[in-house]
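I opened this one to look up its salt bridges and pockets. My notes follow the structure.

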Amino acid sequence: MKLLLSCEHAFNTIPQPFESYFTAASEILDSHRGYDPGAYDLFRYLEPLSDFSIHQEIGRLLIETNRSLHHASLFSEFSRKMSSEEKEQLISTYYESYRNRVEEFIEDHIAKSEILHLSVHSFTPVWKGQERNAEIGILYDPSRLLEKEYANLLRQQLKALLPQLRIRRNYPYLGKSDGLTTYLRKIFPEKYLGIELEVNQKLVRNNTFETDLKMGIYRAVEKLLK
C-alpha cells in the first residue's frame, strides 16, 4: 500500500497579484475560514510515512482546492469579484496543477498498489454557536467497503493510542460530501482509499499540535500501513 498525504488548507497566503481583493480581509484570512490552523504542522509530522506528499501553498479564500469546479464555494466572496481571466489563471496555476499532481501519483502506482490517501485538516471547535463534541474526525465513504474497513481500523488504533480523546466517524462532516477525495473516488473506483483526518482546533497552540497528539496519530497511521 502507498500512502498519499495531502493538506489542502495549509496556509492563508494570497499572492501579490491578488492582494488588492483582500485588503479588508485580514481578520477572516487569519481565522478558520482562511486556513486550517495546525493542519500543516500535523501534515509535516506525518510526512516521513508518506510515499508522496503535497500541500496547497495558497489560501482557500483565493480558490478552494477541496471543492469541485462547479461548487458554489470554489471562489470566496473576495475572489468571486475577479475577472474571468483571473479566475481561469487561478484554476490553471493553483487548482488544476495541484490536483493533477495528485492524480499523476495515483495513476503511476495504482496498477501495482492500493493507494491510501490521507487528507489532513482541522476544524473549528464551535460552529453556529454549537460546540463540536469530538477531538478527531475520520471522514470516509461508508459505501466503499475497503475504505470503511481502514477508517474503522484507524479509529481503533487512535482510540488505543489516544484514549483520552473522542474520535468519531464522518464527523464533523460527511466523508462523501464534495471534496478532493470524493472526486478521486470517481476517477479511481478501485484500489483508491480516500480518508480525511480532521482534528479539533481547540488542541492547537501557536499553530501547532502537542507532540503527544501528533505521535499518537503517527503511530496509528504507521500501524495502518503494515
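Predicted model: local features only at pLDDT ≥ 70, side-chain atom pairs only at ≥ 80, totals over all residues.

**Salt bridges, then pockets**

I started with Arg 60, which makes a salt bridge to Glu 64, with 3.1 Å between the closest N and O atoms. My cut-off for a salt bridge is a side-chain nitrogen of Lys or Arg within 4 Å of a carboxyl oxygen of Asp or Glu. Residues are numbered from 1 along each chain as its sequence is written, and side-chain values use heavy atoms, with hydrogens and water left out.

Buried or exposed, I asked of Glu 64? Glu 64 is buried at 4% relative accessibility, and Arg 60 counts as buried too, at 19%. (Buried is under 20% relative accessible area, exposed over 50%, partly exposed in between, with a 1.4 Å probe and protein chains only.)

Next I checked Asp 36, which also bridges to Arg 60, at 3.3 Å between the closest N and O atoms. Asp 36 sits in the loop between α1 (26-29) and α2 (39-46), and Arg 60 in the loop between β2 (52-55) and α3, 24 residues apart. (Helices are DSSP runs of H or I, at least four residues, and strands runs of E, at least two, numbered from the N terminus.) Asp 36 is buried, at 3% relative accessibility.

I then looked up Arg 166 and Glu 135, whose side chains meet in a salt bridge of 2.7 Å, N to O. Arg 166 is in the loop between α4 (145-161) and β7 (167-169) and Glu 135 in the loop between β5 (130-131) and β6 (136-139), so the pair ties together parts 31 residues apart in sequence. Glu 135 is buried at 6%, whereas Arg 166 is partly exposed at 37%. The whole structure has nine salt bridges.

Pockets last. I used a 1 Å grid over the protein atoms alone: a pocket is an open set of points where a 1.4 Å probe fits, with protein on both sides within 12 Å along at least five of seven lines, and lining residues have an atom within 4 Å of a point. The largest pocket has 29 lining residues, and His 9, Arg 60, Glu 64, Arg 67 and Tyr 173 lie nearest its centre. β3 (115-123) and β8 (192-200) are the elements giving two or more residues to that lining.
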